[in-house]
Amino acid sequence: MPAEAQATAVGTYNSLYFDYAHHPFQRAPELDGEERLYPVIIAGAGPVGMTVALDLARRGIEVVLLEEDDTVNRGSRAVGIARRSLEIFERAGTGPGIFETGISWKGGQSYYRDSLVLDFVVQQADNLRHPPMVSIAQCNVEQYLYEALQNHPNASIRWSSKLVSARQDGEEVIASVATPQGQYDMRGEWLVACDGGRSAVRKALGKELKGSSYEGRYLIVDIQMKSSQPAGRRVWFAPPEFPGSTIIMHKQPFDIWRIDYQLGPDDDLDEEVQPRRVRERVDRFLKSIGETADWAIDWISPYRALSLSLDSYREGRVLFAGDAAHLVPIFGARGMNGGVDDANNLAWKLAYVVSGWCDDALLDSYSSERVDAAHQNMAFAEKSTRFMTPPTFGHAVLQEAILSLAVKEPFIRDLINPRQVTELRMTAGPLRFDDADDIRFAGGPLPGAVCPNLPLCTDGPGDHLQGRLGRDFTLLLFQKTDTTAAEEMRARIERMNIPFGIDVVQIRDASLYAAFDAQDGTAYLVRPDGHVAGRWRQFNADTTLDRLLKAIRCKTMESRHVD
Amino acid sequence: MLIEAKIPSHILEANWESLAQALNTVGSEKASVFLTKVVLMLAAKLDRPETLRDFLDVALQDIEPQQK
Ligand SMILES: Cc1cc2nc3c(=O)[nH]c(=O)nc-3n(C[C@H](O)[C@H](O)[C@H](O)COP(=O)(O)OP(=O)(O)OC[C@H]3O[C@@H](n4cnc5c(N)ncnc54)[C@H](O)[C@@H]3O)c2cc1C
């Protein structure tokens with residue numbers, strides 16, 4: 001809820017740091033009886049829906065987003081944007097704005113009472129283009145996505161348009177949309193449900209999230225304050241001023257600070273969310289860390305951790321992504337980040353199916369890969385949650401034991417580390433060529449891992465590997481000497497008559513040879529979403545490319561087999 | 001039987017006494033936190049830290065579980 005930032009009227013909120021543009025409702029053609037079949041409808045223009053839209057649009061697919069609200073996300077939600085999301089946003093076309101506006105960080109401190117018990121730095125190669133995390137408010141992220149979408153005439157957002165129900169037959173999906181000027185039905189070949197935690201699509205299809213919810217409650221407070229407190233994730237467990245509570249603080253751009261504090265089991269929520277009460281608590285906390293600057297509250301909201309997922313993210317012609325598919329406790333900073341990863345996995349597959357290049361079975365791999373990822377994300381986030389808001393007597397005892405032991409004993413401090421940025425690797429699925437992962441590799445990214453965004457030294461500073469990846473598949477061919485190898489490979493791929501691209505990128509850079517444990521003739525095949533599909537110490541195009549086409553259910557391939 | 005080593009009785013007795021004294025110092029409210037700290041350190045000293053699971057199983061025997 002807005003606090004000192006004035007609420008001007010019901011439904012509007014003037015933030016202290018963000019200018020909300022309210023987009024006027026535009027009458028949809030369906031309201032005047034004009035109807036057509038759209039290739040893709042996306043319900044919800046949150047960060048996930050807009051990322052799916054952006055990636056589809058740049059692949060030439062027409063998309064229409066339905067958005068209930070008339071603006072981007074109001075108030076406090078995600079602040080911790082992981083490196084992987086920054087990479088995905090930039091590849092989808094946002095430019096570097098999110099990264100450049102955000103506050104970069106790579107670690108943080110935890111305190112128990114008044115002792116420092118953890119000072120952590122995330123381990124990552126120091127020459128990657130992006131830091132492990134940046135802090136920036138979700139509304140800013142969404143604004144960048146919205147602006148990037150403006151470059152695509154084939155993507156449109158219908159504001160103030162609420163999906164109220166959805167139904168499908170084998171051929172199409174029909175979404176019923178409520179607007180200020182009446183309700184209409186809209187037809188799509190595919191519907192992507194990115195309509196958040198309370199997904200109307202999920203309800204319409206009778207699908208249920210399963211998992212656990214946590215009792216512990218937090219208040220999330222954003223304040224504006226000019227302060228020189230450091231960036232990063234700072235946590236105070238049982239600070240002297242607030243015994244029995246945990247307080248988290250993050251620096252954001254525009255002099256905004258996110259303060260999350262744990263409420264006690266007996267605290268009355270209605271009372272605790274009152275600005276007067278919040279002011280009192282935050283004031284006491286800030287004074288206790290030596291902060292003297294003036295500040296004002298921008299937003300207050302209560303939070304309780306949920307860890308839930310659908311069993312499957314595909315239901316016929318409907319695909320679920322982001323919070324509509326899974327809810328991950330905030331302590332792992334993996335909710336939006338996981339959703340953006342869903343978008344990145346889904347968009348190319350959906351584009352290939354809509355374009356008629358691949359059988360729609362390819363979309364089942366979206367579901368299996370991302371359900372698996374959600375479980376990995378939930379496991380990380382739940383570990384963090386069990387520490388931040390111990391759900392049982394045993395967890396509470398362990399939390400106190402670990403924290404008090406950590407004051408003097410470093411061996412135990414690792415348990416306090418939130419592990420918000422451990423990157424996921426796809427652990428299974430038809431699109432991973434495991435047996436290609438020859439034991440002769442002693443290092444380098446494994447199949448299923450993200451192709452790291454390392455610098456390309458030979459091409460001058462500023463150029464990074466992910467910038468070289470094609471829109472579709474990319475074959476990184478390690479070849480220092482043979483100048484014709486890449487050309488030959490390109491010609492060969494050309495002859496295969498594949499409907500999408502397989503870019504061949506010749507790598508000569510010694511540092512990349514080392515990072516990929518490559519020798520002349522080694523190849524890594526990178527998927528359109530940037531994950532390594534397979535790698536070969538000595539690449540054999542004939543067998544491998546056939547296998548790839550089969551795995552992704554390429555129709556050209558199937559028809560060739562029939563021939 | 002999990003522990004086969006024969007511990008000299010003077011050591012057993014000394015451990016008994018110091019543990020009792022330490023528990024008295026801590027008091028009942030924080031006894032579990034205190035003992036957990038001890039266990040975490042002992043576990044870190046084990047050759048195979050996962051052995052703790054076996055110890056827990058043995059310790060769980062013949063103790064009345066809490067009424068739910
Ligand atoms: C306090 C807090 C802190 C968080 N911190 C982090 C963090 O640090 N890092 C992180 O990764 N995640 C974080 N998250 C989680 C993150 O905010 C969500 O995971 C993220 O917003 C999910 O994006 P989404 O696009 O799937 O859904 P949403 O952001 O919920 O977007 C859904 C969109 O759909 C619209 N909509 C809903 N229903 C309909 C309908 N029926 N018809 C049309 N439109 C509809 C909504 O108006 C909205 O625009 C945090 C969440 C909270 C609450």
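Predicted model: local features only at pLDDT ≥ 70, side-chain atom pairs only at ≥ 80, totals over all residues.
The average pLDDT of chain A is 91, and 95% of the residues score at least 70. Over residues 5–10 of chain A, pLDDT stays under 50. For this stretch the model has 11 contacts beyond four places in sequence.

Strand β15(A), residues 256–263, is mostly covered, with 8 of its 8 residues buried. β15(A) pairs with strand β12 (residues 210–225) of chain A in the antiparallel sense over 8 bridges; in this pairing A:Y218 stands opposite A:Q262. Strand β14 (residues 246–252) of chain A is also antiparallel to β15(A), with 6 bridges between them, and here A:I247 stands opposite A:Y261. β14(A) and β15(A) form a hairpin with 3 residues between them. In the turn, A:F254 has a positive phi of about 60 degrees.

An open sheet of 4 strands in chain A has the order β21-β20-β22-β23 and mixed pairing. Its edge strands are β21 (502–507) and β23 (532–536) of chain A, each of which pairs on one side only. On average, neighbouring strands of this sheet are turned by 15 degrees against each other, direction ignored. Strand β20 (residues 473–478) of chain A runs parallel to β21(A), and 6 bridges join the two. Within this pairing, A:L477 has A:Q506 as its bridge partner. Helix α12 (residues 485–495) of chain A lies across β20 and β21 of chain A and runs at about 170 degrees to β21(A).

Over all chains, the structure holds 22 aromatic pairs. One of them, formed by A:F441 and A:Y524, is edge-to-face, with 5.7 Å centre to centre and 80 degrees between the planes. A:F441 lies in the loop between α10 (393–406) and α11 (465–468) of chain A, whereas A:Y524 belongs to strand β22 (residues 523–526) of chain A, so the pair ties together parts 83 residues apart in sequence. Both A:F441 and A:Y524 are buried. The ring centres of A:F478 and A:F516 are 5.5 Å apart and their planes are at 45 degrees, so this pair is tilted. The pair links distant parts of the chain, 38 residues apart: A:F478 is in strand β20 of chain A, and A:F516 is in the loop between α13 (510–515) and β22 of chain A. A:F478 and A:F516 are buried. One aromatic cluster is formed by A:W348, A:Y352, A:W357, A:F473 and A:F500.

Charged side chains also lie over aromatic rings. A:R535 lies over the face of A:F441, at 4.1 Å from the ring centre. The charged end of A:R36 sits over the ring of A:Y38, 4.3 Å from its centre.

Key
Residues numbered from 1 in each chain as written. Chains lettered and ligands numbered in written order. Heavy atoms only, no water. Buried < 20%, exposed > 50% of the residue type's maximum accessible area, 1.4 Å probe, protein only. Pairing = 2+ DSSP bridges. pLDDT = per-residue confidence, 0-100. Contact = heavy atoms within 4.5 Å. Axes fitted to C-alpha atoms, helices over the stretch in contact; angles between N-to-C directions. Phe/Tyr/Trp six-rings, centres within 6.5 Å; stacked < 30°, edge-to-face > 60°. Lys NZ or Arg CZ within 6 Å of the ring centre and 35° of its normal.
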